[in-house]
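Q: I have a model open and want to learn to read it. Can we go through some features one by one?
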Amino acid sequence: MTASMAIFAIEDTFVKAASTTIPVGQILVLFGLGGALVFACLLLYRGQPLFVRGVLSRPMRYRVLFEIIGRLFYVLAITLTPLSASTVILQATPLVVVAGAALVFGEKVGWRRWTAILVGLTGVVIIVRPGTEGFSMLSILAVIGMFGFAGRDLTSRAAPASVSTSILGLYGFLSVVVAGALFHAWRPEPFVMPDVEAALQLLGAILAGVMAYSCLMKAMRTGELSAVTPFRYTRLLFGVALGVVLFGESLSAPMLIGSGLIVVSGIFILWRGRRARIQH
């Protein structure tokens, strides 16, 4: 899980660097095609089909929709706003997943965990700072992306068992292609021929994305969920460090306070969930 979070942060760094010379729509399309090609090759190598009927199920259709929303708005966030701020806001995803599981799937969430969810979301508000001079509408991009990823994680729970991890990866990356095409249609910018540096940055983003996804699925499927999930928050450390070192970003007091509330709330929710399972 820690390796996955580190590599995801590296992927974000490559995408942000490539966005200085390549339009966002083109980045999404090429990134999605590259990742989809890797997972397609993995499926063919294992003798598995590229399509199963479960792909057309309702949960998978919703998953694709949320994947498009999450990928599009989060990529816009990391290209237009500080990487460190976007990474911190993304860490609220598990909080929204727990709330969604209670509201959508009827999972039991006590008042303590609901309180922690509200505290964590308050941390997001502190970082975004609506109504203050430091507020920027662009910061909402990361919030929308975070909700998109939370929806994707929730719908993944309901995905049919016939849909393997590699198929999820294949259609997840194809969703990124759709996101790029939609953004290009809304804001048409001519695609460019990447120079060597930009091409290597894109290649790095694709390879990092596939590796990070594979590590994440390995952790989630072989480790105890309550044991490995807290290590998701290491992405905050990696993302903030890369933003500060490579892009010269600074850490404000609201960001430090907000990130602290998000992390503490998330770990408390996981601890309460594990304790509740043990008691039952």
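Q: Which residue just after α5 takes a positive phi?
A: G106 does, with a phi of about 70°. This is a predicted model: local features need pLDDT of at least 70, side-chain atom pairs count only at pLDDT 80 or more, and totals for chains, interfaces and linings use all residues. Residues are numbered from 1 along each chain as its sequence is written, and side-chain values use heavy atoms, leaving out hydrogens and water.

Q: What span does helix α5 reach from its first C-alpha to its last?
A: Start with the terms. Helices are DSSP runs of H or I with at least four residues, numbered from the N terminus. The expected span is 1.5 Å times one less than the number of residues. Helix α5 covers residues 93-104, which is 12 residues. Its reach is 16 Å, close to the 16 Å expected.

Q: How many residues of α5 are buried?
A: Buried means under 20% relative accessible area, exposed means over 50%, and partly exposed lies in between (1.4 Å probe, protein chains only). In α5, nine of the 12 residues are buried, so the helix is mostly covered. Among them are T93, L95, G100 and A102.

Q: Is E11 buried or exposed?
A: E11 counts as buried because its relative accessibility is 5%. Its place is in helix α1, residues 2-18. Contact means heavy atoms within 4.5 Å. Leaving aside residues up to four places away in sequence, E11 touches F31, R71, A205, A208 and G209.

Q: At what angle do α1 and α11 pack?
A: Two packed helices are described by the angle between their axes and the distance between the axes. Axes are lines fitted to C-alpha atoms, for helices over the stretch in contact, and angles run from 0 to 180 degrees between N-to-C directions. Here α1 and α11 (residues 234-247) pack at about 35°, with axes 8 Å apart.

Q: Which residues meet there?
A: From α1 they include M5, F8 and D12. From α11 they include R235, F238 and L242.

Q: How many disulfides does the structure hold?
A: A disulfide is a covalent bond between the sulfur atoms of two cysteines. The cut-off is a pair of cysteine sulfur atoms within 2.5 Å. The structure holds zero disulfides. For C41, the nearest cysteine sulfur is that of C215, 19 Å away.

Q: Are C41 and C215 buried or partly exposed?
A: C41 is partly exposed, because its relative accessible area is 44%. C215 also counts as partly exposed, at 29% relative accessibility.

Methods
Helix = DSSP H or I, 4+ residues; strand = E, 2+ residues; numbered from the N terminus.
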